Amino acid sequence: MAASPEGASAPVAAPVATPVAAPARPGLGLQGLAALLLCQSLGEVLARGLNLPLPGPVLGLLVALALLSWSPVRASIAAAAEMLLQHLSLLFVPVGVGVVTHVALLSQYGLRMALVLLLSTLVGLAVTGLLLQALLRHQPPAELPTVNELDSDRP
Amino acid sequence: MKTGMSSFVELWVYLAASPLFGLTATLVVYLLAQAFYSRMQQAPWANPVLWSVLVLAGLLAATGTTYPSYFAGAQFIHFLLGPAVVALAWPMWQRRVELRQRWPALVLAAGVGGAAAAASAVLAGWALGLPLDVLASLAPKSVTAPVAMGVAEQLGGIPALAAVFAVLTGLVGTVFAKYLFDALGVQRPEARGFALGTVSHGIGAARAMQVNPVAGAYAALALGLQVVLGALLLPLLVPPLLVWLTRT
């Protein structure tokens with residue numbers, strides 16, 4: 001789904017090979033992108049109009065989640081979502097480069113910030129991992145990703 | 001010769017100022033970083049986001065390009081973060097059966113784990129004497145970057161700094177998670193993936209999806225849950241903590 005090793009050697013082929021139920025209708029990804037943007041816009045309208053404390057895209061996620069139960073839009077949303085999430089890590093690069101705008105702050109507090117980030121990330125990972133493993137200890141191992149008519153053929 | 005040189009400089013000035021440069025550089029550097037990552041057998045330290053950021057930051061410094069003129073092009077990629085957050089509905093919907101069956105455990109783990117990451121960051125930062133707006137920018141760092149920026153703004157932090165912290169948290173978690181989980185005996189792929197998605201958001205989830213499909217699915221689930229829980233709970237929980245810390 002995200003940046004796959006195949007994506008590196010064949011970056012152009014990867015999104016085209018989006019594993020949606022064959023035969024994929026052309027334009028499915030574009031319809032899906034339009035649907036995602038509509039959900040996001042609706043989320044923004046809801047967030048501003050109702051003064052909700054949630055960011056627009058998060059409300060958009062909830063709208064999309066509700067919309068996915070409606071089968072006519074499922075295939076197109078799936079196609080666009082698979083493509084976006086396959087390249088999710090790329091989307092963080094422009095913001096990450098923004099580190100150059102905080103050089104003053106970083107040179108003053110950089111070491112302490114690094115320490116805080118390292119410590120809190122390890123604490124969070126340990127707490128989440130140990131807690132969920134304990135909570136699931138009586139449950140059978142998860143199966144491979146669910147198979148349904150629109151599911152990907154991930155290995 | 002001199003005119004050739006100066007016209008080259010002119011050309012460069014034109015290119016650097018046009019959005020073409022930021023967009024092209026981001027895409028090309030990322031593709032190279034990804035090729036390097038797969039050449040290194042996807043070793044955590046070879047993370048493509050980490051190396052893309054370092055190379056692009058170096059490129060900006062070497063060419064004297066300002067961040068705003070770089071971002072004029074890179075914003076087209078950056079913009080897709082919003083639809084990508086909405087797109088998380090799809091992996092969540094795919095795992096809806098498990099979400100329904102295991103939701104108490106999953107919501108509890110995401111909530112407690114996310115709170116532990118945020119609280120330990122604020123407390124450690126406070127103990128080390130970081131200023132208040134930096135603490136407020138640290139709190140939402142486990143929520144994926146676009147949402148973290150919005151939450152940081154609500155908390156009185158610096159949105160751009162929050163985004164950088166979020167990306168760095170993603171990278172730190174991705175680099176160290178394997179060793180930490182092995183040391184602590186967290187063996188189940190569900191727990192490993194879910195923890196990565198909860199704490200290291202999109203960057204951790206991208207890593208989990210490459211390593212193991214079950215871990216990847218749970219990471220995507222955690223990422224979606226964390227986006228909702230973080231945006232909902234952090235604005236309620238962090239301000240009292242900050243107030244309490246400033247009073248002590």
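# A first look at chains A and B

The buried residues of helix 4 of chain A pack against helix 3 (28–49) and helix 5 (71–86) of chain A, and also against helix 5 (81–87), helix 6 (89–94), helix 9 (145–155) and helix 12 (213–247) of chain B. What you're looking at is a predicted model, where local features need pLDDT of at least 70 and side-chain atom pairs count only at pLDDT 80 or more, while totals for chains, interfaces and linings use all residues. Residues are numbered from 1 along each chain as its sequence is written, and chains are lettered from A and ligands numbered from 1 in the order in which they are written.

A few terms first. Helices (H or I, at least four residues) and strands (E, at least two) are DSSP runs, numbered from the N terminus. A residue is buried if 20 or more other C-beta atoms lie within 10 Å of its own, exposed if 12 or fewer, and partly exposed in between, with C-beta atoms placed from the backbone. Two residues are in contact if those C-beta atoms lie within 7 Å.

**Chain A and its helix 4**

- Chain A comes to 7 helices and 0 strands, and buried residues make up 46% of its 155 residues.
- Take the contacts in chain A with a separation of 6 or more: 65% of them are between residues 24 or more positions apart.
- Helix 4 (residues 56–67) of chain A has 12 residues and reaches 16 Å from first C-alpha to last, close to the 16 Å expected at 1.5 Å a residue (1.5 Å times one less than the number of residues).
- This helix is mostly covered, with 10 of its 12 residues buried; among them are A:Gly56, A:Pro57, A:Val58 and A:Leu67.

**Where the chains meet**

- The contact takes 102 residues from chain B and 77 residues from chain A.
- Helix 10 (residues 159–184) of chain B gives the most to chain B's side, with 16 residues.
- By class, that side of chain B has 74 nonpolar, 23 polar and 5 charged residues (Ala, Val, Leu, Ile, Met, Phe, Trp, Tyr, Cys and Pro count as nonpolar, Asp, Glu, Lys and Arg as charged, and the others, Gly among them, as polar).

**The nonpolar core**

- The largest nonpolar core has 129 residues, and B:Ala87, B:Val167 and B:Ala219 touch the most other members (a core is a set of buried Ala, Val, Leu, Ile, Met, Phe, Trp, Tyr and Cys residues joined through C-beta atoms within 7 Å).
- Helix 12 of chain B supplies the largest share of this core, 16 residues.
- Leaving out residues up to four places away in sequence, B:Ala219 touches several residues, including B:Gly193, B:Phe194 and B:Met209.

**The domains of chain B**

- Chain B is assigned domain 1 (2–79) and domain 2 (84–247), with bounds from an automatic or database domain assignment.
- Their centres, taken over C-alpha atoms, are 28 Å apart.
- Here 6 residues of domain 1 of chain B are in contact with 7 residues of domain 2 of chain B.
- On the domain 1 side, the touching residues are 4 nonpolar, 2 polar and no charged.

- A:Asn51 sits in the loop between helix 3 and helix 4 of chain A, and its phi is near 55 degrees, a positive value in a residue other than glycine.
- A:Asn51 counts as exposed because it has 7 other C-beta atoms within 10 Å.
- B:Gln41 lies in the loop between helix 2 (19–39) and helix 3 (48–63) of chain B, and its phi is near 55 degrees too.
- B:Gln41 is exposed, since 8 other C-beta atoms lie within 10 Å.
- B:Phe76, in helix 4 (residues 67–78) of chain B, is partly exposed because it has 15 C-beta neighbours inside 10 Å.
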